[in-house]
Amino acid sequence: MQKYYGWGLPYNASVSGADVDTLIYVLHGFMILLFVGWLIFLIVALIKFRSRAGHQATYKANHFKAPTYIEVGVALFEAFLLIGFSFPIARHVRTMPPKGEALEVRVVAEQFAWNIHYPGPDGIFGKSDIKLMGPGNPLGLDRNDPAAKDDITVINQLHVPVNKPVIVHLSSKDVIHSFFLPVMRVKQDVIPGQEIPVWFQAKDAGNFEIACAQLCGLGHYRMRGFLIVEQPEQFAAWQAKYAPKVPASAPVSPAPVAKE
Amino acid sequence: MSDNAIRYISKPHPVTGVTNSKLGIWCFLASEVMFFGGLFSAYVLLRASAPSWPRGSDLLNVPLATLNTLVLITSSVTMVMAWASLALKDFSKYKRYMAATILLALVFLVVKSIEYAHKFEHHYFPATNTFYAIYFTLTGLHGLHVLGGVVVNTYFLFPGSALWKNDPEQFQGRIECAGLYWHFVDLVWIFLFPVLYLL
Amino acid sequence: MNEKHHSHDLPFWRKYIFSLDHKVIGIQYGVTGLLFLFFGFCLMMLMRWQLAYPGQPLPLLGNLFSERMMVGGIMLPEFYNQLGAMHGTIMVFLGVVPLAVGGFGNYLVPLQIGAPDMAFPKLNMMSYWVYFLGGVTMIASFFLPEGAAQSGWTSYPPLANIATSGQTVWLVGMVLLITSSLLGSINFIVTIVQLRADGLSFFRLPFFVWAQFVTSFLLLLAFPPLEAAGVLQLMDRLAGTSFFMPSGLVVAGNPLVVSGGGNPLLWQHLFWFLAHPEVYVLILPAMGIVAEIFATNTRKPIYGYKSMVCSVIFLGFMSFIVWAHHMFLTGMSAKMSAFFQITTMIISIPSVIVLTALALSLWGGSIRFNTPMLFAVAFLPMFGIGGLTGLPLGLAASDIHLHDTYYVIGHFHYVVAPGTIFALFAGVYHWYPKVTGRKMSEVLGKIHFFLSIVLINGIFMPMFILGLAGVSRRLYDQMQYAHAQPTQPLNVFISICAWLLGLAQIPFVINFFGSLIWGKKVERNPWQATTLEWAAPSPPPHGNFDTVPQVYRGPYEYSVPGLKHDFWPQNMAQEN
């Protein structure tokens with residue numbers, strides 16, 4: 001896993017993450033330029049106008065034109081950053097891909113785990129009810145709901161296929177968490193009482209990490225999940241393996257795979 | 001060097017036209033506006049995001065609250081009269097009007113506690129739902145402000161009124177400030193009443 | 001002097017403890033603030049052990065802590081979270097603001113405007129004691145069976161709602177601190193508007209007074225909504241209401257018994273509506289101090305005084321409409337985030353103007369490099385880094401990756417620690433002679449400065465690298481995350497710098513107390529400055545001035561051509 005992470009930005013495994021990275025690099029270039037220029041001015045001023053014998057301060061200040069131009073330049077550049085980068089990226093992040101094209105997943109955060117809920121082949125999430133929640137059913141999924149028969153639930157393991165948009169519907173059972181995929185440049189607060197969608201498209205397969213970025217209690221530091229990006233075949237195989245076995249008591253017959 | 005004392009305690013500043021305490025009370029009221037503004041915005045946000053919100057008039061006692069509104073408005077009038085009596089140098093009249101103001105404030109609090117008692121009897125508590133939560137919080141905080149006014153006014157009715165003999169101008173200024181505060185408390189209620197009871 | 005104002009015949013407790021004199025209250029605020037700063041710093045030094053060497057027992061001190069804080073010297077995550085929450089709260093609300101506003105403001109504003117005292121001395125005393133009570137309440141919460149508040153200084157519900165009793169005490173403490181700030185801010189506004197000396201028009205006020213004036217408005221108008229939020233959270237915790245609790249919460253497998261129907265984001269809006277202006281409450285007095293020290297030690301007028309004043313007023317207004325840039329990741333719409341990004345970019349402009357004006361003030365001066373000036377000069381690049389690194393956080397797109405990482409920690413600490421706190425140190429060195437009648441040692445001061453500037457950058461600069469690598473803040477042990485492991489060596493480096501920075505404060509402590517005894521005695525105006533406080537004796541007596549000052553000119557008339565001296569005090573009728 002170490003090859004993805006180091007001292008700089010983490011590896012970018014997302015199709016659209018490069019935009020965020022570009023913005024971060026441009027910004028830092030700009031910041032360093034301004035700061036160094038300004039520091040040079042400061043040092044020159046401090047040396048040139050140090051108090052010494054025979055040197056006197058001037059009462060009447062020169063009227064400087066340059067700062068005004070720099071100021072306007074900075075303001076214009078900020079406007080450029082807003083219009084050229086931040087607004088389009090923010091809009092891109094908020095615009096979900098069309099429903100049919102994307103894999104949809106629910107992620108329900110709790111202290112201190114990520115519950116992952118796949119709708120299964122039918123593409124419909126089964127109902128869940130807090131009354132049914134228990135150690136064996138952390139999502140409270142109602143298995144009697146026909147839509148829930150083929151749903152897959154796992155903990156802390158988000159398997160997704162490569163090169164396919166994934167919409168993650170985020171919600172929380174208890175407190176505010178923040179769903180952070182460093183390699184996907186995705187971070188979204190998970191607010192209890194709301195369902196907030198967020199999306200990404202992986203360009204590389206690999207074994208990555210889910211982190212919680214918002215203090216959520218004493219176990220915040222170990223609320224770690226895994227993002228496993230796989231080739232479509234492997235993903236299908238994984239889904240088939242985890243597909244729920246038809247419960248003996250349930251009268252409804254066909255295995256979920258039959259619908260495909 | 002008595003001119004080295006703090007200035008504009010009883011005489012207004014020639015440029016701003018107010019005494020220190022009057023400017024101070026206006027600042028305080030500005031912060032109070034932000035305080036109740038914050039609470040009102042909480043109310044608006046909660047109500048806007050709620051799937052359903054009860055009508056206040058179905059749950060709360062509108063006649064009693066109307067009575068209370070009248071009581072509070074009358075007390076504002078007596079407060080003005082108390083101040084005006086001082087302006088006319090009629091100290092005994094001031095005492096009567098001030099006493100009336102305090103009395104009316106107490107009537108308001110008694111009526112309010114009857115309302116509360118009714119709610120508690122029927123097991124409506126702040127924890128019942130968000131409507132009752134905001135109702136009890138807003139009216140409770142307003143009630144505390146009324147209580148604060150009673151304490152201040154009682155002080156100015158009894159021990160504080162000794163100042164009248166030494167510095168009538170400053171005393172009148174203080175009553176004016178107490179009055180400004182009292183009108184503000186009244187005004188908050190005039191917002192609270194329709195928002196909670198009628199809408 | 002008026003008999004009523006005579007201080008000689010007052011008993012000790014009226015003169016030094018429950019004093020009505022703005023100077024005594026200012027010193028009380030200042031010393032209490034410094035003590036709280038030190039206490040908050042100690043909390044941080046403890047946290048730094050766990051961050052550098054996660055899971056290893058703390059040597060020597062480890063056994064002093066009770067079982068619910070450290071087991072066998074190994075810090076518990078609960079205790080780590082308490083330290084984090086209280087470090088933030090103490091530094092902001094009990095350390096920096098009381099020192100900058102309560103301490104410097106109280107002491108200097110009446111002196112700089114030529115007033116005998118604050119407008120409401122009793123209110124002033126009350127403000128200090130309410131603050132003191134709030135501070136005691138906060139500290140006392142560590143001794144609760146379940147410890148202090150542990151939901152961060154931001155106290156986001158629902159986490160804060162379901163937290164242990166320390167949170168309730170935190171809220172009570174906050175209500176006290178807010179009340180104290182409100183009383184103080186009313187007093188400042190009235191004092192500055194009403195009690196200026198004759199001839200001291202608004203545009204002749206020292207920039208420091210302007211900064212305090214705008215700060216007071218921010219405190220006056222931004223704090224009440226947080227007080228309202230605090231009351232609502234207290235109701236949630238004590239009366240069982242659900243202002244911040246949505247329906248259907250399940251905590252640790254058990255459905256929560258509350259009515260629901262609330263909204264956790266309501267808290268964030270109310271909180272940040274205060275807490276963004278609060279940033280300017282922290283920074284404006286610091287800018288004021290730096291401006292004063294620059295003018296005195298460059299021996300020339302401040303460049304662009306009027307545009308600086310206009311900038312801080314504009315800054316004050318704008319600070320009320322940028323709050324939601326702390327909430328870009330709460331799922332707000334693109335339109336709303338666009339609005340707050342624009343306001344955030346706009347607010348950067350006045351800050352840049354003030355900073356530029358201060359830097360240009362050096363040009364053409366005759367700069368004396370004494371200790372206050374060194375700290376004040378260092379403020380510029382340090383605050384500059386803090387401001388610049390705000391840029392990636394203020395743009396919603398780059399904020400996605402950097403939000404809630406160490407980048408944020410680095411950013412605001414650059415603003416507040418080497419920024420504001422350096423300016424406050426500068427202020428201590430600069431006005432110490434006025435307060436005590438003695439100068440602090442230059443040698444110890446310079447040792448203090450050079451060690452501090454190197455070490456503090458050693459602490460905060462690596463945090464940007466941690467942040468870019470995506471390391472989240474408030475992590476008890478970052479080794480749990482693969483993406484955070486490679487940067488762990490930096491944590492060791494940061495911690496060592498932090499502990500050394502603690503040691504580097506020893507010269508300051510020695511200097512601060514030692515100079516009371518050994519410091520060189522000074523006259524009224526040791527720095528040859530122009531503003532009114534230097535016209536009073538050092539230390540100023542009760543009532544401040546021996547003759548009521550009359551003001552003839554602006555605050556920074558240095559090196560006026562054709563005069564014998566290179567400074568022309570505001571109260572000097574003719575050329576001196």
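The expected span of a helix is 1.5 Å times one less than its number of residues. Keep that handy for the first exercise; the model here is a predicted one.

**Exercise 1. Work out how the span of H1(A) compares with what is expected at 1.5 Å a residue.**

Start with the residue count: H1(A) has 32 residues. By the rule above, the expected span comes to 46 Å. Now go from the first C-alpha to the last, and you get 46 Å, close to that expectation.

**Exercise 2. Find which residues of H1(A) are buried, and what they pack against.**

Use the cut-off first: a residue is buried if 20 or more other C-beta atoms lie within 10 Å of its own. In H1(A), Gly17(A), Val20(A), Leu23(A), Ile24(A), Leu27(A) and Ala45(A) are buried. Next, look for their partners. In chain A that's H2; over in chain C, it's helices H9 (334-362), H11 (390-394) and H12 (396-402).

**Exercise 3. Describe the contact between chains A and C.**

Count residues on either side: chain A puts in 81 and chain C 85. Then see where chain A's share comes from. H2(A) gives the largest share, 15 residues. Finally, sort the chain A side by class: 49 nonpolar, 19 polar and 13 charged residues.

Terms used. Residues are numbered from 1 along each chain as its sequence is written. Chains are lettered from A and ligands numbered from 1 in the order in which they are written. This is a predicted model: local features need pLDDT of at least 70, side-chain atom pairs count only at pLDDT 80 or more; totals for chains, interfaces and linings use all residues. Two residues are in contact if their C-beta atoms, placed from the backbone, lie within 7 Å. Helices (H or I, at least four residues) and strands (E, at least two) are DSSP runs, numbered from the N terminus. Ala, Val, Leu, Ile, Met, Phe, Trp, Tyr, Cys and Pro count as nonpolar, Asp, Glu, Lys and Arg as charged, and the others, Gly among them, as polar. A residue is buried if 20 or more other C-beta atoms lie within 10 Å of its own, exposed if 12 or fewer, and partly exposed in between; C-beta atoms are placed from the backbone.
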